[in-house]
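Welcome, and take a moment to settle in with the model.

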Amino acid sequence: MRIGLALSGGGFRATLYHLGMVRWLRDAGLLTSVSHITSVSGGSVLAAHLALNWDRYCGDEKDFDAAANELVDFVQLDVRNRILRRYPFTLAGGAALRMVGMKPKRRLTRTMLLERHYRRRLFGDTCLHQLPRSPELHILCTNLSGGGLSSFTRDGLLMEERGAGGRSIMRLHEVGLATVPMAVAASSAFPGFFPPLELTAETVGATPGEFQTQFFTDGGVYDNLGIRMYDHLNNRLRESLHEEDFLDVGEAMQAWRQAARAEEATPLRRLVEIGGQLSVDTHVEEPGRFTNGLRRLVASRELHLDLTLQELIYSGAGCAAGGGGDSDAGRLAAGADPPTGAAVGPRFAGSGGASRDAQLRNLDLLAIAFERAAGKEILRPRDRPFDAILASDAGKKIQVSSNERMGGLLGTAMRSSDILMDRVWQLEQEHFRNATGVIFSPITRRVAPELDPTAPHPDVQQQVGHIRTDMDRFSDREISGLLRHGYCVARQSWSDHAPDGAAHSERQQPWDPTPLAAARAAEAAPAAGRAGAPPSYSTLEARKLQDSSRRRYLSLLIAPRDWVTHLYIPVLLVLLGVIPWAVWSWHHHVQVNAMLSGAITQSRHDYDQLLSLLEFGPVEPWAPVDFETADQPLPIFADHGLDMLSDARIVDLRNWRTAGPGDARVYVCRHVSVRKVADMVGPTSLRLQSLWNTQEVQVRCRNRELSPVVRRSPLAAYGGRERFLWEVQLDFSRVAVGETVHLVVETIVQGDAQDRWFSDREWWRYEVDGDPELAAAWILLPTEKGYKDFHVVKYKDRKHAHASLVEPSRKSVIQRGSILNWEVIKPDPEMIYSCRWADGA
C-alpha cells in the first residue's frame, strides 16, 4: 500500500494538529505505508522531525511518545517571542556592520534566528542528504526570485521553471550543504513577520554561476495545502517502477517463477526470455532485488520493439478466463499519453521525450503480462500511483473584519496578503476535492458524537478550529485540543473513504500525552439543571480555548527561563523607574517654572506679551485707527505730576527679512508703568512718542479708560527721507494719586523688504522719552540664521557723536541668538540708546 501525506501550513497549530493525525496513522497500522510526505510552514516542522525520527514514530508507544514529546517541548518554547527578544541585539549588530561598510551576515536576520532555533532545539545541523529515502520528504516553500514552487528534498533543491510552451518543469539543483533547519526555516518564514531566506551558492555548497542567489518565503504563499506537489510526484511515479507499485509483490514473484518454468508462449514468458538475454537478474527471493531487475528491464528499448511480445499481446495469448486481447491492445494503442482525466502536472527535468514514451509503453507491457498470467491486476494502475493521499488541512477561511482602521497602508497590505493566500487555499481545495484517492482532513470539521463517541465535545472542536496560527508558546490545553481533534478528524475522514476496504471502526480514546488527560478521565459529570450546578468539563474547556484565537504578547519581554530576558532588566528599570521619576521631575520643574513665570508676568506685563508672541507668532495688522495731525510735537509731560517707573519695549523683527517686496513689517509693543504722584491744577497728561521714517504706521493703545489720542507731526527730513513723530496722549486726570497704571502702546510699521533701511540694518534705536527708572528691550530676530552677540551704545544726537558703550544691568541671548534682551537702570533721558548685533552668517 502506498499513502501520501500532505501537511498544510498554519504555524504551531498545524504542527500539533498534524501530530494527532500521525498518531492515528500509527495506531491504525497505516504509518509504515506512508511513502511520500509534502509539507508547508508549520507542517514542515512536524514533517522534518517525522522523517528524521521515522523508526521511533513507527515503533512502540514509548518510542513514539518520546519523539513526540521533543516536538511538544519545542512548541512550548515560545519561539516567536524568543526571536523578538533577540532581534534588537542582532539589529544593532547589523547597523554596526553597515556603519563600517560591511554587509550584515545572514545570522543577524529574524529568519536566521528561526533557523538557529530549529538547529539547536529540534533537528541539529543535519544536511538534506541525511534524510531517509523512505518516506520521501518534500519541504515546500515559495521561490520569490522565480515566482514558483520549490521543494527541498534528499536529492537537492527542486525549483519550478517555465519550459517550452509555458509548461512547468521541476529542475533539480545540487545543494550539498543545505540543511534541514534551513529548509524548514524557508518553508515557515511567514512574510508578515519573517523576511525571505536568502540562499547563495556559497551557502548551499553549489557551484558558483550555476546557482544564482535565490530568496525563499513561506510555502503557503504558493500552496498552503502542500498538495500541489503531488501533481509532480504522480508524473514521476508513473514513469518508473517501485516495489510499492505492486499490489502484491509476492504474487508477482510467484507468477514470474511459474512463467520461467512454463512451456506455453505467454507475454510474461517472453519477458522472462528477454530478461535473460539482457542478463537481468529477476530470479531472486528478495522483493527489492526483484523490483530492481524489472526496473532495468522496463528501461530497455528492446522491450517495446520486440515483435514476438507484441504478437502475443495482440493475439490474446495467455489470457485468463473471461479475458481478451482487444482491451489490452487498446491500452497499448494509447501510447504514452496518460489516461483520460488524470492530473497532468509539471515534468521533472531530464526525462527526455522519446525515452519517456518508450518506458511508459514498457510499463504497460509489463502490467498486461502480469495480468494475463495471474488473471487479475498485479501492478497498480498508472493513473493512480497512490492508494490514498491524506491532506491534513489546518487552515481556515478568512474571517470577516470590522476593523475601522483597515484603510492604513500596512493594514491594507497585510489584509490583502491574507485574502490572496485564502483564495489560493480555496482554489487548491476546489481543484483536488474530487480527485481520486485524495482524502481531506480539515481542522474545521466537527466529528459528530454519534459517529465517534470518543471525540472531543463539538463546542471544544469548534474552538480548536479557531486557535491562532502563531509560533508562540502553546498551553497544555491548546496542545491537548489540537492533538485529540487531529486524531479524531483523521480517523473519521479515513473511515468515510476507507481506500483499503477497512473502515478502522475501532474507537479507542484519542491520544493525549498532556497532564490534562488524567484530569479529564477523573472528571465526574455535573448534575445539570440544579441550582448552583457547576459547568461541565467540556464547557470549561471550550471557554478557556476561546482566548486561544488571540495572539499573545504578554511574554514578549517577560520570560524568566530565557536568559535574554535578564538583559532587558536594566531597560525595564529605566522604563518603570527612571523614566517615571524623570517625567515627574520634569512635570514638577514645569510647574515651578509656570508658577514663577506667572508671578513674573503679573509684575512685568512685557513678559506676558513676549510669551504670546512666541506662542502665536507675529501680530497681524489691525484696522486703521483715526489720528490727528499737528504742525509740531508737544512736550512729553504737560506737568510733572507723573512718575515713569519702567519702559519696556518688544520689537518683533521676524517679518523683517522673510516677507516679499512691500510686505516687510515691524511690530513694536511698548509697556510703560506710570505712577501718579500728585494732583495738579488743570489736565494731567502723558505723551508717549516714537520717530519713524515712513507714513505707513499703525498705532493703537489698549488703555481705553485713559481716552488715548493718536497724533502725527512732520519733522525735518534727514538723509533724504521724510520723518514723522507719532505720539499717544493719555489723560491721567481721573487716576487717583498713588495709583500705578500699566500702559500698552502697539505700533506696526509697514515697509519694503528691499529698502535698505529694512534689509541692511543690524541695529535698533531706543529713544528715551521721560525719565524711567528702568529701560528694557526685547528684540525678536528672524530665525533662519543665528546672531552671534550684541552690544548697547548710547549717544546724544543722530550723528552718533560721542558714542560710548553701555554695560547693561542684564544682557542675554536666547534661542540660539534669535532673541536679544537688555536692561538699563536709570537711563539717561538725554541720550539715545542703540542695540547693535553681529549677524551669525
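Is Ser41 buried or exposed? This is a predicted model, so everything below describes a prediction. In it, Ser41 has a relative accessible area of 7%. The cut-off for a buried residue is under 20%, so Ser41 counts as buried. You will find Ser41 in the loop between β2 (34-40) and α2 (42-52). Its backbone deserves a look too: phi of Ser41 is near 55°, a positive value in a residue that is not glycine.

Another residue with this feature is Lys826. Its phi is positive, at about 55°, although Lys826 is not a glycine. Lys826 belongs to the loop between β25 and β26 (832-839).

While we are visiting loops, please turn to Pro135, in the loop between α6 (110-123) and β3 (136-143). The peptide bond that leads from Ser134 to Pro135 is cis, and its omega is near 0°. A further loop, between α3 (54-57) and α4 (61-75), holds Cys58. With a relative accessible area of 24%, Cys58 is partly exposed. Cys58 and Leu30 are 28 residues apart in sequence, while their C-alpha atoms are 9.5 Å apart in space.

Now for the rings. How many aromatic pairs does the structure hold? There are 18 aromatic pairs. One of them joins Tyr118 and Phe123 in a tilted arrangement, with 5.8 Å from centre to centre and 45° between the planes. Tyr118 and Phe123 are both buried. Another pair, Tyr766 with Trp822, is edge-to-face, with centres 5.5 Å apart and planes at 65°. What does this second pair tie together? Tyr766 lies in strand β20 (residues 763-767) and Trp822 in strand β25 (residues 819-825), so the pair links parts that are 56 residues apart in sequence. Tyr766 and Trp822 are also buried.

Let us move on to the helices, starting with α19 (residues 476-497). Helix α19 is mostly covered, with 19 of its 22 residues buried.

Our last stop is on the surface. Which residues form a nonpolar patch there? They are Val571, Val574, Leu575, Leu576, Val578, Ile579 and Val583, and together they have about 590 Å² of accessible area. Leu576, one of these residues, has its place in helix α23 (residues 569-603). The relative accessible area of Leu576 is 69%. Exposed residues are those over 50%, so Leu576 is exposed.

Note on methods. Residues numbered from 1 in each chain as written. Predicted model: local features only at pLDDT ≥ 70, side-chain atom pairs only at ≥ 80, totals over all residues. Heavy atoms only, no water. Phe/Tyr/Trp six-rings, centres within 6.5 Å; stacked < 30°, edge-to-face > 60°. Buried < 20%, exposed > 50% of the residue type's maximum accessible area, 1.4 Å probe, protein only. Helix = DSSP H or I, 4+ residues; strand = E, 2+ residues; numbered from the N terminus. Expected span 1.5 Å × (residues − 1). Patch = residues over 30% accessible without salt bridge, like charges linked within 9 Å, V, L, I, M, F, W, Y side chains within 5 Å. Areas by Shrake-Rupley, 256 points an atom, 1.4 Å probe, with all protein chains shown as cover. Salt bridge = Lys/Arg side-chain N within 4 Å of Asp/Glu carboxyl O.
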